[in-house]
Every structure is written in structure tokens, then in C-alpha cells.
Amino acid sequence: MADDARTYLQQRFTQDAQQLRERVAQLRAGSSMPGPDAATSDAMANACDTVVAMLDALPTHDDVELLIRDLLALVPVLERHAQNAKQPPVRAVFIGAATRVREVTSAEQKALQAEDSAESDTP
């Protein structure tokens, strides 16, 4: 995993956007592949870029609890983007991003609790 949850999510959605743009290029070059067409894939890549921009806009913290708070604040924003998306695959990008944020913050919270528990067990 990356250095922190934010960096992990930034890298993940940047990679997703790159892969979708590679798909767009292949489709426009005449390749036939199952799945979304070039325009839909491009819209999905743009949605990934939007997610990355949201993550980039978060303040940088050394405090994991503040990072978790900021990441969780993105969930309702991502859900609104999903509700406003006209194409189901684009909607899925935003729903997936909200899900990933919840999963990553949950893992971070568990790691913090384990650290706290280990520190309180130390004499």
C-alpha cells in the first residue's frame, strides 16, 4: 500500500484513468473489445480525474485521525456526483470511489485501534 490512505486512493484512481484512456485510444484505433464504448470510457476516465482532484484538494496531515475525517467527508460529495451522473458507468466510478474511501478509512481506523491497544498493553 502507499504511504497513507490518501496517496493510495490518488494512485488507484490515477491508474484507473490511465487504463481507461488507453482503452479509449485502442477503441478509436479500431480495436474491438467488450465493455463501454470510447465516449463512455472517456467519461469514466474524467470521473476518475474528478476523484483525484477531490483527493488532491484535501489538506495534508501527519495525523491519521484528521486524514480519516477528511476522507470520510468526501463520501457524501462522491455520492452526490454519482446521483448526478447521467451514465451508469460514470455513476459506478463515483459509487466505487465512495466505497473505496469507506474501506480504506475503516482499515486505517482498525490500525489506529490496534496501535492504541498495543500502547495501552505496554507497561
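1. Glu-108 is buried (under 20% relative accessible area, where over 50% is exposed and in between is partly exposed, with a 1.4 Å probe and protein chains only), yet Glu-108 has no salt bridge, and the nearest side chain of opposite charge, Arg-6, is 12 Å away. A salt bridge here is a side-chain nitrogen of Lys or Arg within 4 Å of a carboxyl oxygen of Asp or Glu; Lys and Arg count as positive and Asp and Glu as negative, while His and the chain ends are not counted.

2. This is a predicted model, in which local features need pLDDT of at least 70 and side-chain atom pairs count only at pLDDT 80 or more, whereas totals for chains, interfaces and linings use all residues. Residues are numbered from 1 along each chain as its sequence is written, and side-chain values use heavy atoms, with hydrogens and water left out.

3. Glu-108 is found in helix 4, residues 88-121, where helices are DSSP runs of H or I with at least four residues, strands are runs of E with at least two, and both are numbered from the N terminus. Apart from neighbours within four places in sequence, Glu-108 is in contact (heavy atoms within 4.5 Å) with Ala-5, Val-64 and Ile-68.

4. Arg-102 also lies in helix 4, but Arg-102 is partly exposed, at a relative accessible area of 37%. With neighbours within four places in sequence set aside, its contacts are Val-75 and Glu-79.

5. Helix 1, residues 5-28, has 24 residues and reaches 35 Å from its first C-alpha to its last, close to the 34 Å expected at 1.5 Å a residue; that expectation is 1.5 Å times one less than the number of residues. Among the buried residues of helix 1 are Ala-5 and Arg-6, and at the start of this helix a side-chain oxygen of Asp-4 reaches to within 3.0 Å of the backbone nitrogen of Arg-6. Following helix 1 comes Gly-30, whose phi is positive, near 105°.

6. For the protein as a whole, the secondary structure comes to 4 helices and 0 strands. The radius of gyration is 17 Å, well over the 14 Å that the globule rule gives for 123 residues, so the protein is more spread out than a compact globule; the radius is taken over C-alpha atoms, and the rule is 2.2 Å times the number of residues to the power 0.38. Along its principal axes the C-alpha trace spans about 65 × 25 × 25 Å, and 36% of the 123 residues count as buried.

Note on methods
A polar contact is a pair of N or O atoms within 3.5 Å; within protein, one must be able to donate a hydrogen and the other to accept it, and residues adjacent in sequence count only if both atoms are side-chain atoms.
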